[in-house]
Amino acid sequence: MTDDRRPSTAAVPDADRYLARGARVGIRPFRPEDRAEFTARVRESAELHRPWLAPPADEATYDAYYARLQEPGREGFLICELDGGSIAGYLTVNNIVHGAFRCGAAGYGAFAHAAGRGLMSEGLQLVLRYAFGPLGLHRIEINVQPENTASIALARRNGFRKEGYSPDFLFVDGAWRDHERWAITAEMLPPEAP
């Protein structure tokens, strides 16, 4: 175990390595051995991500990113297709605060080969259920640049509500960018379909 919440996936068979499964995707933690596939997917998806995201596109940057995900207050999830196990996207929950707040800030990205197929929506729902269950959170926030219509549509489709607007909120692509604040709480998540 890497800590009390993260099971090691090193010796776990592929069929059993997911923290949660949907109809088409499963979620699991990042692993060092995901480096080659993840960085290749990032390079293939550069046009899709620009200018919104800058995920690690080479081995050294991936290793540093992976190390940060091991820090307290962070959780990283790969969204993988159950048919074949390829990485469709990723979602991180950062700035996790427990106690009375029980909140985290999520960031996510789909890879080009999976975009527009509904895999990120399914993966986001799995991560939300995991965050509101085993991680013990009550609220997940996302901050999205207003022009990033695909990300806003994903948030809206998955039950997030718009809560505000933050000028000059995050330094992205060489400048301080305005962001919309979206959030969801455990009570807002619809019950799982039987």
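The structure, a predicted model, holds 11 aromatic pairs, where rings of Phe, Tyr and Trp (its six-membered ring) are taken to pair if their centres lie within 6.5 Å, and where planes under 30 degrees apart count as stacked, over 60 as edge-to-face and the rest as tilted. One of these pairs is formed by Phe 38 and Tyr 62, which are tilted, with 5.6 Å from centre to centre and 55° between the planes. Because Phe 38 lies in helix H1 (residues 35–44) and Tyr 62 in helix H3, this pair ties together parts that are 24 residues apart in sequence; helices (H or I, at least four residues) and strands (E, at least two) are DSSP runs, numbered from the N terminus. Phe 38 is buried, with a relative accessible area of 0%, and Tyr 62 likewise counts as buried at 0% relative accessibility, buried meaning under 20% relative accessible area, exposed over 50% and partly exposed in between (1.4 Å probe, protein chains only). Tyr 90 and Phe 111 form a further tilted pair, with 5.9 Å from centre to centre and 35° between the planes. This pair links distant parts of the chain, since Tyr 90 is in strand E4 and Phe 111 in the loop between E5 and H4, 21 residues apart. Both Tyr 90 and Phe 111 are buried. Ring pairs link Phe 30, Phe 38, Tyr 62, Tyr 65, Tyr 66, Tyr 90 and Phe 111 into a cluster.

As regards the model itself, residues are numbered from 1 along each chain as its sequence is written, and side-chain values use heavy atoms, with hydrogens and water left out. Local features need pLDDT of at least 70 and side-chain atom pairs count only at pLDDT 80 or more, whereas totals for chains, interfaces and linings use all residues.

Strand E4, which carries Tyr 90, pairs with E5 in the antiparallel sense over 7 bridges, two strands being paired if DSSP finds at least two bridges between them. Within this pairing, the bridge partner of Asn 94 is Ala 105 in E5. E4 and E5 form a hairpin with 5 residues between them, and Gly 99 in the turn has a positive phi of about 70°. On the parallel side of its pairing, E5 joins E6 over 4 bridges, with Gly 104 opposite Ile 140 and Ala 105 opposite Glu 141. E5, H4 and E6 make a right-handed β-α-β unit, in the sense that, with the strands pointing away from the viewer, the path from the first strand over the helix to the second runs clockwise. E5 is mostly covered, 7 of its 8 residues being buried; E6 is largely enclosed by the rest of the structure, because 5 of its 6 residues are buried. E6 also pairs with strand E8 (residues 175–185) in the antiparallel sense over 6 bridges, and Ile 140 stands opposite Ile 184 there.

The largest pocket has a volume of about 1300 Å³, the volume being the space filled by probe spheres set on grid points that are joined across faces, edges and corners. On a 1 Å grid over the protein atoms alone, a pocket is an open set of points where a 1.4 Å probe fits, with protein on both sides within 12 Å along at least five of seven lines, and lining residues have an atom within 4 Å of a point. The lining comprises 48 residues, of which Trp 52, Leu 53, Tyr 90, Gly 107 and Tyr 108 lie nearest the centre. E5 gives the most to this lining, with 6 residues.
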